[in-house]
Amino acid sequence: MEVVSDILVVLLLLSNLYLLAASRITACIQTVALQAVVLGVIALTSAAGGLTLVVVSVTLATMAVKGLVLPWLLRRAIRGADVAREVEPFVGFTTSVLVGAGLLVISVVVAEPLCSSAPADVSAMMIPTSLFTILTGLFIVVTRRKALNQALGYLVLENGVYVFGSSLAIEEPFLVELGILLDVFVAVFVMGIIIFQINREFDHIDTDKLSVLKD
Amino acid sequence: MTALASILHVVLAITLSPLLLGVINRTKAKFAGRTGQPLLQAYYDLGKLLQKGAVYSSTATWVFRAGPVVGLAATLIALAFLPLSGAPGLGAFPGDLILLVYALGLLRFMTVLAALDTGSAFEGMGASREVQFSMLAEPVLLLSLAALAICTGKAGLSDIFASLPTLDSLQWVPTALLASVALFVVLLSENARIPVDDPNTHLELTMIHEVMVLDHGGVDFGLIQYGAALKLWIFSALFVGAAMPWRIGQPVMDLLVGVGGVFLSAVFVGVVESVMARLRLIRVPQMLASAAVLALIAVIWAVR
């Protein structure tokens, strides 16, 4: 069982690194969708109270929203805004990958005291990887110019929080779980609309150019 | 029995390594729908080159003549410490992985020196590229071998690959997977295969390895080509050691499985070359940096 969990965690790690290295936005969206599927499988395999109907249905709903609906929304926003790649991020792609390695080391060190409280049958790297996912999401939000990539960074951040919960086997109440899902959905929905509006108003979605706006 | 397997491995590597190039070319030809050159083409080329004489420029010194010979000798030394599933290296001792990496480093150093010795600006450019990329590839190689060493708790290359499948907990599976991917990237980069360098092109702008050996001819060039084939064998064997750590238990049978794995990795290289375009030069460091991060993750995994 631990091997399955290990390989899922490796997949999650690799998807984070790919997000740091990739410039094509469609590829990034696909990776985030893949990440959502991996998250769902992690949550199903490490469910503490066994596979009850509630757990399965919440996980499937999360997978459907994050893996299908949100990527569809973002792809629609891309078509509207007509951007294909992140051209010049504030931090270059090679540097991003190296910073990612640094973030991974930091999260391994930080997660050390937490690991003793983790359940025995999940991978020992699950908690560090969840922290790494959160940090990767933050890093993407901070360093990318395009508003779409920033929305993706927010999604990655949320994925990290989700996997952190399932790695500590925290059984969140059904309503809280659904509430978080609704929050994420609404947030990305609003972001999609805002991206579309920014684009219609200014003909681009480079957020750094918006800081000089005056009325 | 294991000693017999070790000797057999060295003999097989020395005789069969040019065949790897034939297998790669055949795979690429199959993908392109061509018949392709004969499988033994590399042997014919070597035979032709060894019958020729060599021409030396009057400005070149002994360094230029020593380059191919010392390079081939360094490759043979590296081969003597190389294990292939079931067969430990001939001269295996704890810590030999550093020696293997630096024997390959000596090969590169001599090739670069010989290229610089010709005084051609063009070859200097190739040497600079070669050094730049190998500077990035060498840490990846060392890190991924270090990950396997930490995982098994052994310091010798042969011990590492021998004890990998005998470990109890399956913790080594992700480490071996990540390390084998990193080793494969190093294989592609160090052997001038496609995402980094195109071995068939003679277009000046894209060449890395080819450009350094432009002034060598005849026997010298034959030695360089043969050394390159052996180097491909060495990296394939390292990749197979991490990617296929299964044993039957009988050293000679294991060795034959390992040789099959080496040829399988040659087919794999051919597939990669067929489905990928060469990366732009400025993208190559990014690929190697990603491989370095993979190797680093493998190390972190092994430490835990």
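Where in chain B is B:R280 found? In this predicted model, local features need pLDDT of at least 70, side-chain atom pairs count only at pLDDT 80 or more, and totals for chains, interfaces and linings use all residues. Residues are numbered from 1 along each chain as its sequence is written, chains are lettered from A in the order in which they are written, and side-chain values use heavy atoms, without hydrogens and water.

**View 1. A positive surface patch with residues of chains A and B.** B:R280 is found in the loop between α10 (251-275) and α11 (284-303) of chain B; helices are DSSP runs of H or I with at least four residues, numbered from the N terminus. At 54% relative accessibility, B:R280 is exposed (buried is under 20% relative accessible area, exposed over 50%, partly exposed in between; 1.4 Å probe, protein chains only). The patch is formed by A:R24, A:R85, B:R280 and B:R283 (residues with over 30% relative accessible area and no salt bridge, like charges joined within 9 Å; a salt bridge is a side-chain nitrogen of Lys or Arg within 4 Å of a carboxyl oxygen of Asp or Glu).

**View 2. The aromatic pair B:Y56 and B:F64.** The ring centres are 6.1 Å apart and the planes stand at 90°, so the pair is edge-to-face (centres within 6.5 Å; planes under 30 degrees apart are stacked, over 60 edge-to-face, the rest tilted). B:Y56 is partly exposed at 29%, whereas B:F64 is buried at 3%.

**View 3. The tilted pair B:F184 and B:F268.** The centres lie 4.9 Å apart, with 45° between the planes. B:F184 is in helix α7 (residues 172-190) and B:F268 in helix α10 of chain B, so the pair ties together parts 84 residues apart in sequence. B:F184, B:F239 and B:F268 form one aromatic cluster.

Methods
Patch = residues over 30% accessible without salt bridge, like charges linked within 9 Å, V, L, I, M, F, W, Y side chains within 5 Å. Areas by Shrake-Rupley, 256 points an atom, 1.4 Å probe, with all protein chains shown as cover. Lys, Arg positive; Asp, Glu negative; His and termini not counted. Charge placed at Lys NZ, Arg CZ, Asp CG, Glu CD. Helix = DSSP H or I, 4+ residues; strand = E, 2+ residues; numbered from the N terminus. Phe/Tyr/Trp six-rings, centres within 6.5 Å; stacked < 30°, edge-to-face > 60°.
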